[in-house]
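Have a look at the model first, then try each task before reading its solution.

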Amino acid sequence: MSLIRRTASLALLSVLVACTQPSGRDSTGQGAPAPLVYAEPGTRITLANRVDGAASERVITVEPARGIAGAFRRADGSTGVVYPGCWDCGAPNVIDEAAYASLWPLETGKRVSFLSTAPEGTRTRIVIRVAGTERVETPAGRFDTYLLKGQATALSGPRWTAEVDLWWAPDPGWAVKATGQDSDGRAFTSEVSAIDTP
């Protein structure tokens, strides 16, 4: 896995975080699990990020979902896609979307495993587990979330692993916080500092 691709994956994760309070609950008797529904297009999300110790603020605007992938536009006009909880997913990589989709609706203990393949053929094993529900507080407020724990392991190319914790807020459908690190020593944190719905 190339350094550029790993850095791009880290940057993608640092911008996928945003949102508000969930409507669903897990399957522990707290209500019905929430399906995969992304924030309303036009929602503007401000993120406070820290990547390898460097702090930055980023604003993204949610766009209509692309199948099961969430979509967003950056302030510079470029676009991206996200699969919540996945370190090495999204363009230009190709994943098994059917396997990923089986994670939804979220339920504590649910787990999926699938491959992410880069254009040059590098393959990464992705495992995502729903660890439970948590209430988290960010500068944008307090949110009831599902905690998704993701792991990525390179199956070809240089040995590489990564882990991400992502707190998903089902309503309106984005993440409010994420942290991650990889075996090359790169690390990030990201949390929602503001959200502006259309």
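**Exercise 1.** Does Tyr38 count as buried or exposed?

*Solution.* This is a predicted model, where local features need pLDDT of at least 70, side-chain atom pairs count only at pLDDT 80 or more, and totals for chains, interfaces and linings use all residues. Residues are numbered from 1 along each chain as its sequence is written, and side-chain values use heavy atoms, leaving out hydrogens and water. Buried means under 20% relative accessible area, exposed over 50%, and partly exposed in between (1.4 Å probe, protein chains only). Tyr38 has 11% relative accessibility, so Tyr38 counts as buried.

**Exercise 2.** Describe the aromatic pair of Tyr38 and Trp168.

*Solution.* Rings of Phe, Tyr and Trp (its six-membered ring) pair if their centres lie within 6.5 Å; planes under 30 degrees apart are stacked, over 60 edge-to-face, the rest tilted. The structure holds seven aromatic pairs. Among them, Tyr38 and Trp168 are edge-to-face, at 5.9 Å centre to centre with 90° between the planes. Next, Trp168 is buried too, at 2% relative accessibility. Finally, Tyr38, Trp104, Trp168 and Trp174 form one aromatic cluster.

**Exercise 3.** Find which side chain makes a polar contact with that of Ser190.

*Solution.* A polar contact is a pair of N or O atoms within 3.5 Å; within protein, one must be able to donate a hydrogen and the other to accept it, and residues adjacent in sequence count only if both atoms are side-chain atoms. The partner is the side chain of Asn49, at 2.3 Å. Ser190 itself is buried, with a relative accessible area of 2%.
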